[in-house]
Amino acid sequence: MNLEKVVFGFFIVFAATLNFGFFVGQLDNAQHHDIYELFAAIVVNLIATVLKFGDRTQIGAIHLSTSLVADLQLLAAAAVWAWATHIAGTGLDPAYTAKVVSLSGGALFANVVSVIILIAETIMQRR
Amino acid sequence: MIYGRHRGVIFLVLRRMRAPLAALITIFAVSVLGLTIVPGVDAQGEPARMSFFHAFYFISYTATTIGFGEVPTTFTEAQRMWVLVCIYLSVVGWAYTLGSLFALLQDKTFQDALRTERFAREVRRLSEPFYLVCGYGETGRLVTRALDHMGMRVVALEMDPAKAAELDLHGLYADVPTLVADAGQPEALRIAGLEKPQCKGIMALTNNDETNLAIAITARLLAPGLPALCRCQTTEVAANMASFGTRHIINPFEKFGEYLALALHSPSAFHLLEWLTGIAGNEVKPHRDPPRGHWVLCGYGDFGRLLARALDEEGMRVTLIDREPPPDGTRYRWVRGDGTGAPALLEADIRGACGVVACTGNDVNNLSICVTARELNPGVFVVVRQNHFGNNPLFEAFESDASVVPSRIIAHECLAILTTPLLAPFLTRLKASREDWAAALLKRLTERFDWRVPLVWSVRVNAREAPALFSLLMPAGPEVTLEALLRDHGRRDQALECEVLYISRDDGSNTLLPAGNYAVRPGDELLLVGRRPARSHLALTLENPNTLDYVLTGNDAPGGWIWQQLARRGRP
């Protein structure tokens, strides 16, 4: 067992689960989507991205790119949330909630791809 | 240094920065999260928690030590307590990240990787023809400077960082991409553009025969058609290089032996050769011709052996002075000693000798031999071998009749081979010619161009190098003689300051010193000697149809289309 692999796998799966946790629920109902969960998803995603830095293999490159996509989507969701609560003056109404949640849905897709690659890589190695 | 990874600078940074960045993100996350949880109050004094947006804003400016104060409302004591923790956490985070980054920038491996990458990029972007110089020692420096002077680009490889750094100080016109690397490694040569189509030739000029051999093999295998010029000091390595088809192997001592033999055999031919192959712009002084008779040779090493043979073949009587008896049971007379003192020289009959050669491997001993020999016999012809360029002032002060400086000999030879390939067949013809013919030619050329080293160049009459002349001649055009062609394009009654030495035809025939009425044909390659302006004047004549027309006929044809139409209408 390799500790590096454990940490790596942990962060990738954790990023996907947190993202999923934020995403599930009625799309435009702010009650179903906790902002702390979004925050956690962003932080874990960023750390997962940093962990993928510097791998020169083909699979490493795909890993990194999926993570970057997820970061971008989640940061966009956070930006929309900040706009809605602090700048627009409307608060988190259903329209804004739907925007934030759907952006995080895109990130979830990227995270799922990341997990699939992780699984494929593990199966390929057969060790 | 790992060449295979030279493109990985960005990956190297990313990999090294993984831990610090992860730490920084964690610290930010913990700080922001804490700030949103710790109870605070809003503007009206009601209990409220800070939003993520405000928390992130606050932590961002606090962590980066900007510090705007407590925004949006004054903090509660609990919030202040947490902010205290945050401040120290973030200082640690930044210190760690920046420390890692600076350590990485200072790292030698990283800097090497950066330098290699920059070099590789410079070479990749080179779109002009260039020469690859391996080894920037004394020889490399002479060659580089001369090539630069001629407007050629150079890429250099040098092992010693100090020597490589000198390149910037030498005030060359063009930028010379330089890599500090062992040129004997194929990967280094590959990064330096060995396989690029723009690479016109490679010169192995390091002072290590093994490295030169490795370069020769690499060039032979990776770029088979490329001219490779290799310096080598020993006959074994030369034979090895020749065995896999290295065409130009330059042994400075052997070359000097040839020169000395030529100087004895035909002094004028030797002067002519020296004048033609010197470094452009230098003055060649007509010096004393080596006399025929008895020669004393001090130091019977590799070089001594070559010289003794050259002298012997010219029919000179040779006496050797060496500490050891000659190993090969030679028939020359041998005197034990080192020649620095009078007794050995006297025993070798220096008073009755016409020439002395000091060719030991030690510069000080060589000079000492020469000084002693001159004291004993003031009229003696002195040939001295100079091993280190640093001793140049001593050798200049001594004023020997001929000095052997390996680096200069190699540089001359390289330049002659690379820049004017036609010079070699001409020199071969010259060496085989009669003395009075060479003397007459030398007199004529030096009277016309004086003793400064002239520019020697070659031109081929083809679509690329002489488009105007080529298209004029191609469909069975008029006869163009050399006399008519080599004229000033400003005043055609004046001849250009250059002369054709040799012409090589497509059909394999050659002409030595063609006469003025020689008709040029497409495909001819001309070897010219002259002054610098003549070269550019001739190039313009060969390129521009209007200039060519004026030079040949005297018509000053108008350039633009409208003027051409008007001129046509004016003519009958």
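Over which residues of chain B does pLDDT stay under 50? In this predicted model, the stretch is residues 1-6, for which the model has ten contacts beyond four places in sequence. Here pLDDT is the predictor's confidence in each residue, from 0 to 100, and two residues are in contact if their C-beta atoms, placed from the backbone, lie within 7 Å. Where pLDDT is low, the predicted coordinates should not be read in detail.

Let's turn to chain B as a whole. Its mean pLDDT is 83, and 95% of its residues reach 70 or more. The model itself scores ipTM 0.79 and pTM 0.67.

Chain B has 24 helices and 18 strands, taken as DSSP runs numbered from the N terminus (helices H or I, at least four residues; strands E, at least two). Of its 572 residues, 37% count as buried, that is, with 20 or more other C-beta atoms within 10 Å of their own, again placed from the backbone. Among contacts in chain B between residues at least 6 apart in sequence, 65% join residues at least 24 apart.

Now for the meeting of the chains: 13 residues of chain A are in contact with 15 residues of chain B. On the chain B side, helices H1 (9-16), H2 (18-37) and H3 (52-63) each supply at least two residues. H2(B) gives the largest share, seven residues. By type, this side of chain B divides into ten nonpolar, three polar and two charged residues, where Ala, Val, Leu, Ile, Met, Phe, Trp, Tyr, Cys and Pro count as nonpolar, Asp, Glu, Lys and Arg as charged, and the others, Gly among them, as polar.

A note on conventions: residues are numbered from 1 along each chain as its sequence is written, and chains are lettered from A and ligands numbered from 1 in the order in which they are written. In this predicted model, local features need pLDDT of at least 70 and side-chain atom pairs count only at pLDDT 80 or more, while totals for chains, interfaces and linings use all residues.

How values were computed:
Buried ≥ 20, exposed ≤ 12 C-beta atoms within 10 Å, placed from the backbone.
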